Amino acid sequence: MAERRENLVSEHRRFQAPFIFKMSFYSPTAKNKSKNAAHISYIGTRPGADMGVELDADEKGVSEISDELAVDPGSAAGHVKYAHERPGSHGLFSAAGDTPNLKQIQSELEQHEGVVWRSILSLSEEDAKRLDFDSRTKWEDALRAAVPEAAAKMGIRESNLRWVAAFHQEQGHPHVHLVIWEKEPERRKGLLSKGERIDVKKSFMKQIYAEEQTRLFQEKTAMRDLIRDLAKGDTEKALTIMDDVRKEMKAVELDLKAAGGGKPGIAPKAYPEDIKKIAVQMDELSKLLPGKGRVALKYMPEEAKSKVRQMAEHMMQQPAFKDSLNRYMTSVEEMTRLHTTNPEAIKKAQDKAYSDLRDRVANVLLKGAAKVNKINREDFKKELMDKKAVREASRQQANVAKSVWKSVWSAMEQARMKNEAQGEIQKRQEARRQQRIRQQQQEHEKD
């Protein structure tokens with residue numbers, strides 16, 4: 001599976017394609033029926049599958065614990081460990097708004113006597129961010145609109161259509177796995193003609209690029225009207241105006257990024273071996289929180305401050321986050337060097353920047369721990385709860401842990417992007433200042 005994921009990244013690089021669409025079919029042999037059922041479990045439960053529940057942006061984090069880790073099953077860390085074992089804990093979605101039953105879907109496919117089509121729809125991470133398709137919600141909306149049209153191009157009536165999908169939030173190539181089949185098998189030919197493949201792909205592209213096409217059309221129309229009014233038929237003047245407008249648009253875009261308008265990329269996958277220690281620490285941290293008051297670092301008792309700062313530094317130093325941290329620290333150094341070359345001043349600026357980022361991450365962890373604390377308090381009642389309610393508590397705790405991991409990444413990336421953009425603006429301003437000085441010197445020499 002790792003090879004398949006790398007192939008998607010390679011294809012985006014090779015073809016510079018904003019959208020990759022692959023479809024394969026499986027005839028109803030006993031072996032294929034078993035494979036289809038296994039595929040449903042894979043796309044719905046593998047690491048990286050978006051389970052569809054997100055917390056506030058600054059309350060996101062860790063996701064799984066290794067089986068090697070000995071934890072109390074009644075604790076938050078224990079719940080994280082067992083959450084994915086419960087029925088229905090998966091990332092599947094379908095035409096209906098409710099969550100599909102994974103076991104029922106598998107059973108249906110194991111008995112299905114018709115062709116099953118499996119597809120992968122993938123965007124490069126850059127395009128997914130630009131189009132806002134780096135979240136499960138946007139993919140759900142797009143597929144619910146596109147799949148019936150795509151199926152129609154395959155000769156499948158909507159009343160006879162069945163499908164499920166799962167979104168995998170992968171770095172470099174966020175993508176969706178889509179499985180299509182008929183309620184009552186009618187189409188016996190699994191292979192699509194060239195024309196059918198093109199039409200099916202267009203059905204998805206129309207939904208994915210709908211907002212982008214509208215925006216580009218509006219921008220193009222506005223630009224055309226502006227240039228026409230300003231140039232008044234003068235072609236050379238129109239070209240000059242177009243060039244000036246493009247430069248100004250780039251400057252505005254950079255200014256917006258410097259103000260924090262940039263969007264972080266997709267968080268690295270949270271593997272159990274990377275986060276098992278942090279999951280236990282989250283549970284321990286929740287026990288150090290005061291029973292009331294605002295959940296923020298400056299209001300915490302010293303023991304909680306020390307603990308959460310250690311946890312924050314541990315996360316920032318993880319291999320998955322190390323590149324973001326290094327780039328952040330480099331941007332701080334480069335920005336400081338624009339004003340001073342004093343090594344002590346540069347070191348002082350870097351130390352302060354590191355402490356600020358660590359405390360920002362610490363606040364993310366504290367809010368996650370507060371969620372865990374709340375769930376732990378409710379767990380005291382678990383003996384009075386039915387099995388369904390206990391499973392629901394497990395699901396909530398797993399999602400808190402998963403959210404924290406993502407939010408730490410987001411916090412670090414936002415800080416990095418803001419610093420880098422501010423550094424670019426300051427470099428640009430300094431270059432203009434130097435240019436003005438040179439012009440003044442040249443004018444003075446002429447005099």
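1. Start with the largest nonpolar core, which has 38 residues; L365, V408 and M412 touch the most other members. A nonpolar core here is a set of buried Ala, Val, Leu, Ile, Met, Phe, Trp, Tyr and Cys residues joined through side-chain atoms within 4.5 Å. This is a predicted model, where local features need pLDDT of at least 70 and side-chain atom pairs count only at pLDDT 80 or more, while totals for chains, interfaces and linings use all residues. Residues are numbered from 1 along each chain as its sequence is written, and side-chain values use heavy atoms, with hydrogens and water left out.

2. Helix 13 gives the most to this core, with 11 residues. Helices are DSSP runs (H or I, at least four residues), numbered from the N terminus.

3. Beyond residues up to four places away in sequence, L365 touches M282, L285, V308, M311, A312, M315, V404 and V408; contact means heavy atoms within 4.5 Å.

4. A second, separate core has 31 residues, including F19, L123, A151 and W163.

5. Leaving aside neighbours within four places in sequence, D359 is in contact with L297 and R309.

6. Finally, look at S34 in helix 2 (residues 30-45). S34 counts as partly exposed because its relative accessibility is 45%. S34 and E110 are 76 residues apart in sequence, yet 5.9 Å apart in space, C-alpha to C-alpha.

Key:
Helices (H or I, at least four residues) and strands (E, at least two) are DSSP runs, numbered from the N terminus. Buried means under 20% relative accessible area, exposed over 50%, partly exposed in between (1.4 Å probe, protein chains only).
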